Structure formats: structure tokens, C-alpha cells
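Colleague: I am new to reading protein models. Can we go through some features together?

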Amino acid sequence: MLEDSFSDLEHARLKKLRALEAQGIQPFPTRAEQTHTSQQAIQAFIKTESENDETPVKVTLAGRIRALRPMGKLAFAHIQDRDGRVQLFFRVNDLGEDKLAELIDFYDLGDFIQASGYMFRTKRGEVSLYVEDFTMLAKALRPLPAAKDEVVDGEVVRHATLNDPETRYRQRYVDLAVNPDVQEIFKIRSATVRSLQKFLDDHDFIEVETPILQPIYGGAAAQPFVTHHNQLHQDLYLRISFELYLKRLLVGGLERVYEIGRDFRNEGVSYKHNPEFTQLEFYWAYADYLQVMDFAEQMVAFAAQQVLGTTKVTYDGHEIDLAPPWKRIELRQAILDAAGIDIDQHPTGDSLEAAMTAKDIKLKPGSTRGKLIDALISDFLEPNCIQPTFLYNYPRDISPLAKSKPGDPTLVERFEGFVGGMELCNAFTELNDPLDQEQRFIEMGRAYADDDEEQHPMDDDFLNALSYGMPPAGGFGIGVDRLVMLFSGRRSIREVILFPHLRSLADEEKD
């Protein structure tokens with residue numbers, strides 16, 4: 001039972017709850033009222049004050065008690081709602097001794113309260129609510145964690161805080177309750193998604209939804225999560241990408257489509273990787289990767305301006321300007337400049353491995369050429385791409401869904417965008433030749449072991465769709481979580497996901 005886990009302090013709160021019930025006071029009433037938020041009430045009062053209007057600003061506020069200071073026949077409290085914080089002023093002469101005693105004896109930090117009265121300015125100048133009546137909305141049986149002292153109007157006030165990262169991520173509801181700056185992250189996240197939607201909607205893209213449960217996973221190089229449909233007796237995969245389904249829509253005549261949603265990849269966890277993450281992908285008929293490159297930098301800059309009011313962000317100690325144009329450099333030249341290796345001179349995995357070994361570059365022996373190039377990008381390029389940078393023209397053998405570059409069948413029209421030392425986006429001129437696409441799938445099967453997570457499975461239905469004709473197109477994907485990391489200045493993806501995946505508590509305790 002829940003009560004069995006209670007500490008002495010929590011049992012004391014439970015005792016207060018029972019005492020309220022015994023007095024006929026419902027600690028979890030069915031109805032609540034909130035006529036104004038804290039900031040709406042404050043602004044309404046300031047407006048009447050500036051106009052010398054003496055009409056009382058009558059309001060009913062509701063929120064969580066963040067500070068409580070009994071002072072004899074007076075009491076002060078601060079409550080937090082979605083807009084911010086406001087002070088409540090309680091006076092025994094207006095409420096009566098029994099009502100004030102109810103507040104002092106039975107209310108704790110973390111409880112939700114509804115208070116009615118009129119707005120006024122205290123002698124110390126703080127716009128506050130003069131409380132004429134109040135009621136409990138929800139009794140918090142567990143106390144908010146820890147506390148710190150803060151000086152408010154010359155008085156020392158204790159406020160709940162939470163700093164331990166593991167506890168914050170595991171109990172995000174507590175993190176949000178006691179750390180207002182965390183709420184701001186998710187307001188930024190919501191605004192970011194809306195701004196991306198607006199940009200695409202304004203450019204005649206339509207938002208669609210594609211299957212999360214898929215009979216064949218594809219569209220990226222990643223290991224999927226597997227589940228089973230009991231009624232259909234069928235193994236299914238949580239999608240790792242939207243790509244192959246969105247391109248089917250191009251075949252059907254939807255020329256500009258996008259989707260924002262969750263992808264799932266059964267891979268490692270790091271400061272920039274979470275097993276489930278939010279992705280935006282769009283596909284644009286009659287465009288190529290150069291047009292998409294221009295469009296992408298405009299979209300990110302637009303989102304920054306909409307969300308932050310500027311294209312400049314501070315991330316990991318660097319001031320970054322997201323305004324176009326972004327730096328552009330061919331991948332071959334970038335690797336040559338950074339690592340001193342010309343990948344065009346090493347057309348096989350063995351040759352490239354030997355060149356990397358000669359330069360004492362760490363690698364996994366026996367890796368494919370594509371994986372070795374990915375390692376060079378990760379080790380030498382990505383960490384140093386602080387200002388927005390596009391690397392373009394990628395090797396064919398690591399880009400099975402991209403169209404070959406005219407005149408050079410070893411390269412494809414692909415780019416990746418990097419900002420703040422991390423990959424942000426990926427895009428192609430999309431391969432629309434079904435025969436070439438089939439051959440790419442076959443080559444991938446030969447290049448990788450059967451159990452290699454990088455292997456892209458053959459998708460006969462996708463090939464069948466391409467056989468009906470898909471227009472030339474540009475495709476693009478961006479990690480929404482990473483974009484929010486940039487906009488909010490957070491270095492860990494866990495900070496910008498409400499409920500990130502964590503190890504079980506049992507596993508934590510074993511360590």
C-alpha cells in the first residue's frame with residue numbers, strides 16, 4: 001500500500017488530511033475555480049493603478065503553495081501557477097481565527113490552494129492578493145524535495161528545490177513542480193514544434209501520419225525494437241524512420257508532405273541519444289538536395305526567430321548564429337583537412353583501415369568502409385562543427401536511399417547539418433529508380449552481416465511503390481530534441497524530453 005512507503009513526515013501530512021476530513025473539509029474537492037492567472041491578476045491591478053481607477057480588482061487564483069510564512073495574526077504565502085508566482089496575504093481580522101488556524105495547521109508546501117479576494121500593493125511594494133476566502137484544492141502527501149533560502153522583500157523564504165539529475169528525470173513531475181526553469185524548456189519545446197509546423201504549412205506542405213508499427217523497418221541505419229501482434233500472429237517493428245512511408249505518399253501524388261513524431265531505435269544512450277526521440281521529416285517533389293539545403297537553413301532560422309526572438313543562441317559556451325547562409329564544405333575535403341586522409345584514394349574498407357591505422361586513429365578492425373567514414377566524421381568533424389555547417393556529397397556505400405551524383409557514381413547527393421558539435425539534420429536527393437534502389441538493398445545485404453544493426457532490409461512493397469513512378473524529390477530529417485537543446489542551451493537530450501528512458505532502479509542499486 002502507498003501508506004506503507006510513507007516517512008514520518010509524510011504520515012504527519014496524512015494526519016492533517018484526516019483532520020481536514022474530520023472537520024468536513026474536502027482535501028480533494030471536485031470543483032475548482034480560477035478567474036485569472038497570477039500574471040493576469042497582477043497586470044490587471046497595475047493597469048487600474050496607472051489609470052487611478054479605484055475599482056477593486058476581484059479575482060480567484062489557484063496554484064501550488066511554494067512558500068508559507070505565518071506571522072502571528074497575519075500570514076503570507078506564494079503560489080505558483082502556469083504564468084508565474086504571486087503573493088497571498090491572509091489577515092485574521094478578515095478571515096477569523098478558525099480559518100487562519102486552518103491555513104497554519106493543515107496547509108504545507110506543495111499543497112494546491114484556491115484563494116479569492118482583491119489585488120493590492122503591500123507596503124513593501126509587492127502586488128499581492130488580499131485573501132477574503134480560500135480552500136484546499138489538493139493535499140500533497142509527499143513534501144517537495146529539499147529547500148533553499150531566498151530573500152523576498154527583505155524576508156528569508158524557504159523554497160523547494162531539486163538538483164539531482166537522476167531524481168529529476170525519474171520524477172519529472174516533481175522537477176517541474178519545483179524548478180520553474182524546467183517548465184521553460186518545455187514551453188520552448190512546444191513553441192519549436194509549432195514554429196516548424198507553421199514554416200512548412202506556409203510553404204504548402206501538408207502534415208500526415210504514418211505507421212509506428214511496421215512489418216518492415218527502414219529508412220535509416222539502426223536496430224529496431226520488436227513487438228508482436230497477437231491477433232495477426234505477426235512480428236512488427238517500432239519505426240526507426242518515417243522515410244519509406246512518406247515517399248510512398250509522393251508516389252500517390254502528395255507532392256509536399258511532412259511528419260513530426262516519435263522514432264524508436266534500439267541503440268546506445270548518451271547525452272544526445274535516447275531510444276525514443278522526436279523527428280521531423282519532409283519530402284518535397286521536384287526539389288533536390290541543394291534546394292533542400294537552402295530551405296533547411298531558412299526553416300531553422302525562422303524557428304529560432306519565432307521561439308527566441310533572435311537567430312543567435314548560446315550553446316556550451318559558444319555563441320552560435322543560425323541565420324543563413326550556413327558554411328558548406330564537401331565531405332571529402334572536410335575529412336582531408338581534419339584527418340589528413342583522402343577517402344577517394346581508399347575505395348575499400350581495407351585500404352581506408354590501413355590509412356587510419358597508419359595515423360594512429362582508433363577504429364574497430366574489420367569495419368566496412370562506410371562505418372570507417374562515419375567514425376572519421378564522428379571523431380574529427382562533428383565535434384568541431386560549432387557554427388552551422390553543411391557537409392555534402394557523401395559516399396554511395398553509406399547512403400542507400402540517396403540518388404547518385406551525376407558524373408560520379410561513387411558519390412550521392414546527400415548532406416548532413418551540424419551545429420554546436422552535434423549532427424542536427426540529414427537530407428538527400430531521393431533515389432526514385434526502383435531498379436537502382438533494389439540493387440542498393442542487395443548491396444547492403446552483402447556488405448553487412450545478417451545480425452548487423454546497420455543492415456537495411458529489403459522492402460518489396462516500397463520497391464513496388466517506386467515501380468509506379470515517384471517524382472524527383474528532396475527529403476530531409478531533423479532531430480527535434482536536438483534543436484530544442486540548441487534553443488534552450490541544454491547539453492543533454494534528457495533535459496528536453498519530459499520522460500527520458502532510464503535504467504531500472506533495481507539495476508541502479510546493483511551498481
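Modeller: Start with contact, which means heavy atoms within 4.5 Å. Keep in mind that this model is predicted.

Colleague: Which residues does Gln279 touch, not counting residues up to four places away in sequence?

Modeller: Gln279 touches Phe242, Glu259, Ile260, Gly261, Asp263, Arg265, Ile478, Gly479 and Val480, with residues up to four places away in sequence left out. Gln279 itself sits in strand E13, residues 276-285.

Colleague: Is Gln279 buried or exposed?

Modeller: Buried means under 20% relative accessible area. Gln279 has 12% relative accessibility, so it counts as buried. Its side chain also makes a polar contact of 3.5 Å with the side chain of Glu281.

Colleague: Now the rings. How many aromatic pairs are in the whole structure?

Modeller: A search finds 18 aromatic pairs. Take Phe89 and Tyr130: their ring centres are 5.2 Å apart and their planes are at 55°, so this pair is tilted. The pair links distant parts of the chain, with Phe89 in strand E3 and Tyr130 in strand E5, 41 residues apart. Phe89 is buried, at 10%, and Tyr130 is buried, at 10%.

Colleague: How are the rings of Phe199 and Phe295 placed?

Modeller: Their centres are 5.0 Å apart and their planes are at 55°, so the pair is tilted. Phe199 is in helix H7 and Phe295 in helix H9, 96 residues apart. Ring pairs link both into a cluster with Phe205, Phe282, Trp284, Phe302 and Phe476.

Colleague: What sits over the ring of Tyr245?

Modeller: The charged end of Arg248, 4.5 Å from the ring centre. Likewise, Lys99 lies over the face of Phe134, at 4.4 Å from the ring centre.

Notes
Residues numbered from 1 in each chain as written. Predicted model: local features only at pLDDT ≥ 70, side-chain atom pairs only at ≥ 80, totals over all residues. Heavy atoms only, no water. Helix = DSSP H or I, 4+ residues; strand = E, 2+ residues; numbered from the N terminus. Buried < 20%, exposed > 50% of the residue type's maximum accessible area, 1.4 Å probe, protein only. Polar contact = N/O pair within 3.5 Å; in protein donor to acceptor, adjacent residues only side chain to side chain. Phe/Tyr/Trp six-rings, centres within 6.5 Å; stacked < 30°, edge-to-face > 60°. Lys NZ or Arg CZ within 6 Å of the ring centre and 35° of its normal.
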